[in-house]
Amino acid sequence: MAHSIHEETETTTATPLLRRNWWWFQVPSTIKLKTSLSSELSGAVGDLGTYIPIVLALSLVNSLDLTTTLVFTALYNIATGLLFGLPMPVQPMKSIAAVAISESPPLSIPQISAAGLSVAAVLLFLGATGLMSFLYRYLPLPVVRGVQLSQGLSFAMSAIKYIRYQQDLATQTSGAARSWLALDGLLVALAATLFLILTTGAGVDDHSAAENTQREESDETDSLNKTSQSRISRRIRFLSNIPSALLVFLFGLVICFISDPSIFGDLKFGPSKIALIKITWDDLKIGFFRAAIPQIPLSVLNSVIAVCKLSGDLFPGKGEASVMKVSVSVGLMNFVGCWFGAMPCCHGAGGLAGQYRFGGRSGASVVFLGLAKLILALVFGNSFGRILGQFPIGILGVLLLFAGIELAMASRDMNSKEESFVMFVCAAVSLTGNSAALGFIVGIVLYLLLKFRELDCGACFGFTTRKVKDEEASLIGN
């Protein structure tokens, strides 16, 4: 009897605990919140500074189906969030997009899809065979940092153009300087920039170290200083919990409808039809030679190698993302979506830096983004492009600026002058030549030359310093 009473007591005491926590036991560990919900939601919009302009340009110039792209990129976001447990971004393949828009005549959707399938096949092969892991293992770190630095500065410079000048996304050109007082003017962009700086600071999120330092210093100060430091610490913690990027993005949406209220009437409910596209042999040839070839080295360097290295920098406790998984992930994504005419996508170091910069710390961040894209695609379909067309480019430039600076700052761990030399040369060549592949080749050659300069040539030819000294001594003795 006592035994049964004891069992009933255990049951009644355990049940409330299970009821309270049952939901978390069913959530995969990869998307469990590592920080506050508001921070993860803010991080979710951190890479939209590159996503929106390219998607909008492709829809205007190349007739990209917005519903198809939103649906498939939403599924990519959800899958990568569950797989990697990081705010792993899904971004357009920028080189393919640039060629598709700038060619005369512009590339067709089958040709763009053929280019995406070609890049996917290469990355899938490199990842599945282990060649990508081999390349990653033996690639010099200063060269990787040079690629990251060039990409970060390239994003930052594009962001400044977005902020300062009117943009024609259809032709990818800058126009007249923005006015100060317009709804998409310099004053709005400047206010958004100041707000992000005040709330996120320099991007340092680990306040525990700062608090410990303040606590040690406070032992040597009076009570007034202790109170002041505690007040500053609370204020910084409060500001860091504000979903700043999300608020800036929502502010941009408000400006959309204020600047053109007719948007309300143009919105139509329901998605467009998603269907397979026909890719001919000519489409494959044009897509491969014109768009895929310049994209392949950029995808290898920025979408796989730089992303994995950056993930280790930003999440040292978790370790670097698997090179094989990232490479295969890009391949599989495009092998599914490109057959339906979705925009070719990859993972980008700039997107990861942007989502981390604004609070993304787990896979939940990109899962939220994926769910938002999916809802918008199913509710508004292609008419959502009407909203994107009116979104303030200056605000997108502000988000892109912070993402680019965060990516560039990953290169600050080059300690020796030799490493910095290789990194800066690689970055300079990449920026001036507008080619990450060219900068990569120059960086590798420079790195090997510097190592060859320090090589002991005598040891290579079978001689040792001691033997040479013995021969000199014998000659002197004679």
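User: What should I know about the numbering and the confidence limits?

Analyst: Residues are numbered from 1 along each chain as its sequence is written, and side-chain values use heavy atoms, with hydrogens and water left out. The model is predicted, so local features need pLDDT of at least 70 and side-chain atom pairs count only at pLDDT 80 or more, while totals for chains, interfaces and linings use all residues.

User: How do β2 and β3 pair, parallel or antiparallel?

Analyst: Helices (H or I, at least four residues) and strands (E, at least two) are DSSP runs, numbered from the N terminus. Two strands pair if DSSP finds at least two bridges between them. Here β2 (residues 165–168) and β3 (residues 173–177) are antiparallel, with three bridges. Y165 faces A177 of β3. The two strands make a hairpin with four residues between them, and Q172 in that turn has a positive phi of about 55°.

User: Which span should helix α6 have, and what is found?

Analyst: The expected span is 1.5 Å times one less than the number of residues. For the 21 residues of α6 (residues 109–129) that gives 30 Å, and the end C-alpha atoms are 30 Å apart, which agrees. Just after α6, G130 has a positive phi of about 90°.

User: How many residues of α6 are buried?

Analyst: Buried means under 20% relative accessible area, exposed over 50%, and partly exposed in between (1.4 Å probe, protein chains only). In α6, 15 of the 21 residues are buried, so the helix is mostly covered.

User: Which residues make the nonpolar surface patch?

Analyst: Patch residues have over 30% relative accessible area and no salt bridge; like charges are joined within 9 Å, nonpolar side chains (Val, Leu, Ile, Met, Phe, Trp, Tyr) within 5 Å. A salt bridge puts a side-chain nitrogen of Lys or Arg within 4 Å of a carboxyl oxygen of Asp or Glu. Areas come from the Shrake-Rupley method with a 1.4 Å probe, and for residues only the protein chains shown count as cover. W180, L181, L187, L190, L194 and I197 make a patch of about 640 Å². L187 belongs to helix α9 (residues 186–200) and is partly exposed because its relative accessibility is 44%.

User: How many disulfides are there?

Analyst: A disulfide is a pair of cysteine sulfur atoms within 2.5 Å. The count is zero. The sulfur of C345 has its closest cysteine sulfur in C346, at 7.2 Å, too far for a bond. C345 is buried, at 0% relative accessible area.
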